[in-house]
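This briefing goes through one protein model by topic. The sequence and structure come first, followed by the notes.

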Amino acid sequence: MSYLHVDLNSFYAYCTVITSDGRYTFDSPIIIGGDESKRHGIVLAATYPVKKKGIHAGMSLREAMALCPEAELVPADYRLYTHYSNKFMDIIKQYSPLIMRYGIDEAYIDYNGCEYLFGPPVEIAYTIKERVKNEIGLTVSVGVGDNPLMAKMGSDYKKPDAVTVVTRDFWREHILPLKVSDLMYIGRSTTLKLNSIGIFTIGQLATASQSVLKAMFGVAGKQMWLHANGIDDQKVLLESDDQKSISCACTLPGDIECIDELYTAILRQTDKVSFKLRQLGMRALVIGVTVKYNDLSHLSKQYKMFSPSDVTGELYDHAKRLVASLYGAKPIRQVGVRVASLVHGREQLTIFEDKLHEKRHKLDCALDELRTRYGNDVISRGSTLCYEAHDTEDLVPFDRQGAKK
């Protein structure tokens, strides 16, 4: 029982509550949503009284307000969420050197060996829960298990403000009867396919034929079977205090169905992250893109370059190729770009350096100087001038398997 998953409850909504100077409480009917005039008319988060009426993230604001007309709509504030996310991380980092941040409002903790310093993992789960509540004003749900999957299923099992210990007996008694869609990594389309062959619960998936699952889903079929049986060999990756990645995402003014519009959106995000790279004096070896479709499913791809770069044009060339492979399945409503495997310093250009690289680098330097002097919005690349979207610095949900060529 040496893994913990800590999940902030209704994070966006609760951040609004604790910064409202008493205007709201955790029992207030609040919906965090976007600007209808800019096509952000969906629910991003809600307090639990609203959720009990069947309202969930991704639902249209119009539908949500019809179900809960007394709810108050509050716009998102990503700077606020980032501030409290960092305070949350500062607390949990005190209990293990192995922390994996998995989004802005949740993290995995590998607690192996730390019990000799701080006590049993279940005791620390309660300690973290109370510290977050007392020091930040937010509540968390904590799952404790033998592996990251069991810990995650535990934090999902009971909300809010709860600790759930997932033993093998607990898995058999409480997890196996759950709907198959409640299992981690099982999305809507996979659920429908599983339902079509008579698999409706996690328990039915756990006893299903592996050969049938492999025939339907390939290697993912075996992974689903393992997860249904509570088996997970995923490791918690080391999270240090150094800058490990830079990411930027945006919700689009409208669902993208034209690939040129998608390229424009990716260029804008690549421009932002590469500018930050140069400000930090760093280069990236890994470039990744993610897209969220209009049904809220998402896919992402990453690429490990042959040499690290901070040049916008070079990073964009890779990002453009990656995002093209994710285009066409469904209309896209959000895109993001992430750079990782960061190294300090710039490479020394030589007389043999590629002329296109040098030209792009000089252009970036000229743009950086203008932005530093007059602000980020003083100049934009020509192809993005007519582009408007809601930018965030939220963490982008990239694949956990790492970069692939």
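How many helices and strands are there in the protein? The protein has 15 helices and 13 strands. The model is predicted, with an average pLDDT of 83.

**Overall build**
- Of the 405 residues in the protein, 47% are buried.
- Among contacts with a separation of 6 or more, 66% are between residues 24 or more positions apart.
- The protein exposes about 19900 Å², and 53% of this area is supplied by carbon and sulfur atoms.

**Nonpolar cores**
- The largest nonpolar core holds 40 residues, and those touching the most other members are Phe-11, Tyr-81, Phe-88, Ile-128, Val-132 and Leu-138.
- Two or more residues of this core come from each of the strands β1 (3–8), β2 (30–33), β6 (106–110) and β7 (140–145), and from each of the helices α1 (11–18), α4 (78–92) and α6 (121–135).
- Helix α4 gives the largest share of this core, eight residues.
- Beyond four places in sequence, Phe-88 touches Val-6, Leu-8, Asp-105, Glu-106, Ala-107, Val-132, Ile-136 and Val-140.
- A second, separate core has 31 residues, including Val-291, Leu-315, Ile-332 and Val-335.

**Confidence**
- A pLDDT of at least 70 is reached by 82% of the residues.
- Over residues 346–353 pLDDT stays under 50, and the model has 11 contacts beyond four places in sequence for this stretch.
- Residues 374–379 also stay under 50 in pLDDT, with eight contacts beyond four places in sequence.

Notes. Residues are numbered from 1 along each chain as its sequence is written. This is a predicted model: local features need pLDDT of at least 70, side-chain atom pairs count only at pLDDT 80 or more; totals for chains, interfaces and linings use all residues. Side-chain values use heavy atoms; hydrogens and water are left out. A nonpolar core is a set of buried Ala, Val, Leu, Ile, Met, Phe, Trp, Tyr and Cys residues joined through side-chain atoms within 4.5 Å. Buried means under 20% relative accessible area, exposed over 50%, partly exposed in between (1.4 Å probe, protein chains only). Helices (H or I, at least four residues) and strands (E, at least two) are DSSP runs, numbered from the N terminus. Contact means heavy atoms within 4.5 Å. Accessible areas come from the Shrake-Rupley method with a 1.4 Å probe; for residues, only the protein chains shown count as cover. pLDDT is the predictor's confidence in each residue, from 0 to 100.
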